[in-house]
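Visitor: I'd like to learn how to read helix packing and pockets in a model. Can we walk through one together?

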Amino acid sequence: MKANELKSILSQYKESNFQNLSSLPVPIITEAMLEHIGNTDPILRDSLIYPCFTNLIINGHYPRPELNRIVTVCLDEKHLFYRINQDDEDAVFTRSFSSLIIAVLLFVNVKETFISDEEMDVVARKIIDYVKKEEDVRGFVEEKGWAHSIAHIADTLDELVKQPQLKESRLEEIALLILEKMSFDKDYFLFEEDERMVIPIISVLQKGIDPSFLYGQIDNIVIELQQNYSQNNTKPFIQRTNLKQFLRSLLLHLEVLNKQEKLCEHLRSALKSINQPYYNL
């Protein structure tokens, strides 16, 4: 199906408050949405495919086998891993919006389990692998709209953490993964990705996990930043800015919740250590 035809069908569906779908069968529309999920037209991609697909998933338009199939497709090389780290500035839209649909599917899975325990670990492994590999961290792209890969995968990670089937060992792995990603040194996070990534960390902590496992990773990153402070290149500045944003956001979030005082003390200490060269002026 061509993009313009899909746009017309989904526009009518959305305008009917998601009540009247086209006479075309849902499977045909679904395949068209999966095909165009990363279309660079922000109206089609962000304003139509995402809300319409979400509505169809949440409101029970798919049997369980089809939900499983959609999960598998969204996690494949043509979607979540589409041209990852290749020279294609538009590929990120496919990856980013595939991750949003995975988040919706995981949300539904909590209520009506359709992903097996074995499959859930595969899903977790692929999501974690994607986070490690994603390097296009642009937020808003002129004329093409939101890419926002890191904010979108943060939503997916949060839904993943909430899965009752998720292995406990994965919880710590995800939290450490987030710390590592928020120390990214190739580009700045400019569109509050730090706030979005705090949410899955909080979800991990709300599972009752002892936060002390985070201390070592925080300390290692802080030491690296201290050692690289005077390097004459931009990477340490980018890394330091990204990490400080994240640690400040996590600290404030915990203070608002009035939770995890020991972790808050560790975050305050880490921020002071990172900024120590300025305090010595």
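Guide: The axes are lines fitted to C-alpha atoms, for helices over the stretch in contact, and angles run from 0 to 180 degrees between N-to-C directions. Helices are DSSP runs (H or I, at least four residues), numbered from the N terminus. This is a predicted model, where local features need pLDDT of at least 70, side-chain atom pairs count only at pLDDT 80 or more, and totals for chains, interfaces and linings use all residues. Residues are numbered from 1 along each chain as its sequence is written, and side-chain values use heavy atoms, leaving out hydrogens and water.

Visitor: At what angle do α8 and α10 pack?

Guide: About 20°, with their axes 10 Å apart, so α8 and α10 are roughly parallel to each other. Their contact (heavy atoms within 4.5 Å) involves Glu172, Ala175, Leu176, Leu179 and Glu180 of α8, facing Phe213, Leu214, Gln217, Ile218 and Ile221 of α10. Those residues split into 7 nonpolar, 1 polar and 2 charged. Here Ala, Val, Leu, Ile, Met, Phe, Trp, Tyr, Cys and Pro count as nonpolar, Asp, Glu, Lys and Arg as charged, and the others, Gly among them, as polar.

Visitor: And how do α1 and α3 pack?

Guide: α1 and α3 (residues 42-58) pack at about 55°, with axes 10 Å apart. That angle makes α1 oblique to α3. Among the residues that meet are Leu6 and Leu10 in α1, and Leu44 and Leu48 in α3. The contact of α1 with α3 has 11 nonpolar, 3 polar and 2 charged residues.

Visitor: What about pockets?

Guide: Rolling a probe the size of a water molecule over the atoms shows where empty space is left. On a 1 Å grid over the protein atoms alone, using a 1.4 Å probe, a pocket is an open set of points with protein on both sides within 12 Å along at least five of seven lines; lining residues have an atom within 4 Å of a point. The largest pocket has a volume of about 250 Å³, and 13 residues line it. Glu180, Lys181, Ser183, Phe184 and Asp185 lie nearest its centre.

Visitor: Which helices each supply at least two residues of that lining?

Guide: α8 (168-181) and α10 (213-227). The lining of the largest pocket divides into 3 nonpolar, 3 polar and 7 charged residues.

Visitor: Where is phi positive in a residue other than glycine?

Guide: One case is Phe18, with phi near 60°, in the loop between α1 and α2. Glu192 also has phi near 60°, and sits in the loop between α8 and α9.

Key:
Grid points are joined across faces, edges and corners, and a volume is the space filled by probe spheres set on the points. Angles under 35 degrees count as roughly parallel, over 145 as roughly antiparallel, 65 to 115 as roughly perpendicular and the rest as oblique.
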